[in-house]
Amino acid sequence: MGKYAHLNILLAEDDSSIRSAIKAMLFDLGIHKITEAADGEAALQNLIRTPQGYDLIICDWNMPNKNGLELLKDAKMRAPSTPFLMITGRADEESVMKALKSGVSGYLRKPFRMNQLESKIKVIADSWSEMA
């Protein structure tokens, strides 16, 4: 049982192969409570249907029906304290600043390795324990 095994994660990514790769990385970290969404609207519906909420939302920026920034806005209205990790191929400084100003907890540029994902989850998890 990994130190992150208790986490309940919402994973929103429209590319099924990338979504599967991220899910495999999360499994390797001991995280098995993962709800998958293929677009932003499906992710929002999962937020609506899950009254207990999620410990972390991992979301792609570019998705159909509702992009990552739109989902972030909706998520912040429903569960303002839920950490939000944005994943994207966008590396330009303007995009990074826009995401940070929108309230993301972390930003991870694709492609990334498992140790980079774990590092982001660790930083977010450490900030929860400080708040508890």
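Strand β1 runs parallel to strand β3 (residues 56-60), and four bridges join the two. Within this pairing, Leu-10 stands opposite Ile-57 in β3. The model described here is predicted.

β1 also pairs with strand β2 (residues 33-37), again in the parallel sense, over five bridges. Here Ala-12 has Ala-37 in β2 as its bridge partner. To get from β1 to β2, the chain passes through helix α1 (residues 16-28), and this β-α-β crossover is right-handed.

| Partner of β1 | Sense | Bridges | Residue pair |
|---|---|---|---|
| β2 (residues 33-37) | parallel | five bridges | Ala-12 and Ala-37 |

How many of the residues of β1 (residues 8-12) are buried? Five of its five residues are, and the strand is described as mostly covered. In a regular strand, side chains alternate between the two faces of the sheet. In β1, Asn-8, Leu-10 and Ala-12 lie on one side, while Ile-9 and Leu-11 lie on the other. Both faces are covered, with these residues all buried.

A further residue to look at is Thr-82, in the loop between α3 (68-78) and β4 (84-88). Is Thr-82 buried or exposed? Its relative accessibility is 11%; since buried means under 20%, Thr-82 counts as buried. Leaving aside residues up to four places away in sequence, Thr-82 touches Tyr-54, Asp-55, Leu-56, Ile-57 and Lys-76.

Key: Residues are numbered from 1 along each chain as its sequence is written. This is a predicted model: local features need pLDDT of at least 70, side-chain atom pairs count only at pLDDT 80 or more; totals for chains, interfaces and linings use all residues. Side-chain values use heavy atoms; hydrogens and water are left out. Buried means under 20% relative accessible area, exposed over 50%, partly exposed in between (1.4 Å probe, protein chains only). Two strands pair if DSSP finds at least two bridges between them. A crossover is right-handed if, with the strands pointing away from the viewer, the path from the first strand over the helix to the second runs clockwise. Contact means heavy atoms within 4.5 Å.
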